[in-house]
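This briefing goes through the chain shown below, from its overall build to a few individual residues. Please keep the structure at hand while reading.

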Amino acid sequence: MKAQRIHEWGGPDRLTLDDVPAPDVSDGEVLVAVKAVGINPVDWKLMTGKAPVLPELPLVPGGDIAGVVERVGEGVDGLSPGDRVFGLIGLTGAYAGKVAVAASSLARIPGNVDFPAAAALPLVSLTALQGMLSDGREVGSLDILVHGGAGGVGTAAIQIARAMGARVTASASAEKAQFVKNLGAGQVVDFRSGTILDPSSFDMLIDLVGDSQETALWKLVRRGGSVIRIAGGATAPAEEEVGGVRAYKVRVRPNGEHMNKVASLLDSGAISAPIDAIFPFEDAVEALEMVKAGHVKGKVVLTLS
């Protein structure tokens with residue numbers, strides 16, 4: 001089978017399309033023929049070799065897959081060959097023709113959703129959902145600010161929060177404001193233009209930019225509210241309280257139960273997968289360079305024939 005791999009640290013240009021053996025399937029795993037792969041910024045960031053913890057080389061990047069189950073291992077219930085599935089397999093290993101993955105990390109793709117749309121969602125939707133769930137409150141009663149609403153996690157957070165009944169404000173540049181509003185944000189603000197909001201306006205700040213607690217944005221959160229740290233705060237504790245505001249650091253994990261929640265929201269039409277561009281698998285370098293350059297609205301996806 002084919003796999004995109006790097007053999008030395010650097011950037012997307014280090015990728016090579018290699019012939020590698022198909023993986024074996026262990027107990028509790030399924031073998032998935034990959035049909036589409038979602039690209040995330042962490043993919044190219046790992047390639048730089050500058051992450052605090054690095055996987056071994058050669059490295060197959062990527063974590064988001066959508067595909068078809070080919071084989072099931074011992075002890076697998078609920079999935080069968082031929083099932084269309086999607087999920088987060090981790091942070092590496094997805095840029096390949098086939099992957100062996102824990103069945104407990106996957107969910108079936110709704111019948112009205114194609115492979116690229118499914119592959120665009122796992123990491124971003126799990127990050128958003130797990131971040132909101134870490135707060136412990138009923139999301140439907142909250143006023144939420146999504147800081148950085150036009151990127152992958154931002155688009156997922158807006159839609160999931162709205163689907164759960166929250167009132168959502170999102171930050172975005174002027175050129176992306178309508179795109180973000182169409183996803184369900186009741187208000188869109190551009191902090192770079194000098195927009196000022198009243199202190200204590202929100203119950204939750206989902207921070208996708210990486211602002212420190214000294215910034216004015218934290219002052220927008222009511223006492224007893226929370227900041228969900230998704231960007232920045234790499235060395236931050238899992239949970240802390242600052243000035244009456246609880247802060248949670250989110251480190252996304254594969255989770256089939258949560259993926260089934262995402263699948264249900266997809267099936268009902270409550271959320272969708274905004275895709276900026278789709279590239280063939282062979283053009284992974286170009287696709288990663290696009291993501292690395294930024295300014296993407298939604299997600300970039302690779303498709304495999």
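What share of the contacts in the chain with a separation of 6 or more comes from residues 24 or more positions apart? In this predicted model, such residues account for 65% of those contacts.

**Overall build**

- The secondary structure of the chain comes to 7 helices and 16 strands. With a radius of gyration of 19 Å, close to the 19 Å that the globule rule gives for 305 residues, the chain is as compact as a globular protein of that length.
- Taken along the principal axes, the box that the C-alpha atoms fill is roughly 55 × 40 × 35 Å.

**Charges and salt bridges**

- The chain carries 28 positive and 35 negative side chains, and the centres of these two sets lie 5 Å apart; the count of salt bridges comes to 13.
- Another salt bridge brings together the side chains of Asp 143 and Arg 167, with an N to O distance of 2.6 Å. This pair links distant parts of the chain, with Asp 143 in strand 8 (residues 143-147) and Arg 167 in strand 9 (residues 167-171), 24 residues apart.
- The two partners fall into separate accessibility classes: Asp 143 is buried, with a relative accessible area of 18%, which is under the 20% limit for that class, whereas Arg 167 is partly exposed, with a relative accessible area of 43%.
- Asp 203 and Arg 222 also form a salt bridge, in which the closest N and O atoms are 3.0 Å apart. Here too the pair links distant parts of the chain, with Asp 203 in strand 11 (residues 202-207) and Arg 222 in strand 12 (residues 221-229), 19 residues apart.
- Asp 203 is buried at a relative accessible area of 13%, and Arg 222, at 28% relative accessibility, counts as partly exposed. Through salt bridges that share partners, Asp 143, Arg 167, Asp 203 and Arg 222 are joined into one network.

- Met 204 lies in strand 11 and counts as buried, its relative accessibility being 0%.
- Which residues does Met 204 touch, not counting residues up to four places away in sequence? They are Met 132, Asp 135, Leu 142, Asp 143, Ile 144, Leu 145, Ser 226 and Ile 228, and Asp 143 among them also belongs to the salt-bridge network described above.
- Between Met 204 and Ala 247, which are 43 residues apart in sequence, the C-alpha to C-alpha distance is 9.6 Å.
- Ile 271 is found in the loop between helix 6 (256-268) and strand 15 (275-280), and this loop residue is buried, with a relative accessible area of 5%.
- Leaving aside residues up to four places away in sequence, Ile 271 touches Gln 159, Ile 160, Val 262, Leu 265 and Leu 266. Ile 271 and Thr 48, which are 223 residues apart in sequence, lie 33 Å apart in space, C-alpha to C-alpha.

**Backbone geometry**

- Most residues other than glycine have a negative phi, and most peptide bonds are trans; the next two points set out departures from this pattern.
- A cis peptide bond, with omega at about -5 degrees, joins Leu 57 and Pro 58, and Pro 58 has its place in the loop between helix 1 (41-47) and strand 4 (64-72).
- His 295 has a phi near 65 degrees, which is a positive value in a residue other than glycine. His 295 is found in the loop between helix 7 (284-293) and strand 16 (299-303).
- Is His 295 buried or exposed? His 295 counts as exposed, because its relative accessibility is 70% and the exposed class begins over 50%.

Definitions and conventions. Residues numbered from 1 in each chain as written. Predicted model: local features only at pLDDT ≥ 70, side-chain atom pairs only at ≥ 80, totals over all residues. Heavy atoms only, no water. Helix = DSSP H or I, 4+ residues; strand = E, 2+ residues; numbered from the N terminus. Rg over C-alpha atoms; globule rule 2.2 N^0.38 Å. Contact = heavy atoms within 4.5 Å. Lys, Arg positive; Asp, Glu negative; His and termini not counted. Charge placed at Lys NZ, Arg CZ, Asp CG, Glu CD. Salt bridge = Lys/Arg side-chain N within 4 Å of Asp/Glu carboxyl O. Buried < 20%, exposed > 50% of the residue type's maximum accessible area, 1.4 Å probe, protein only.
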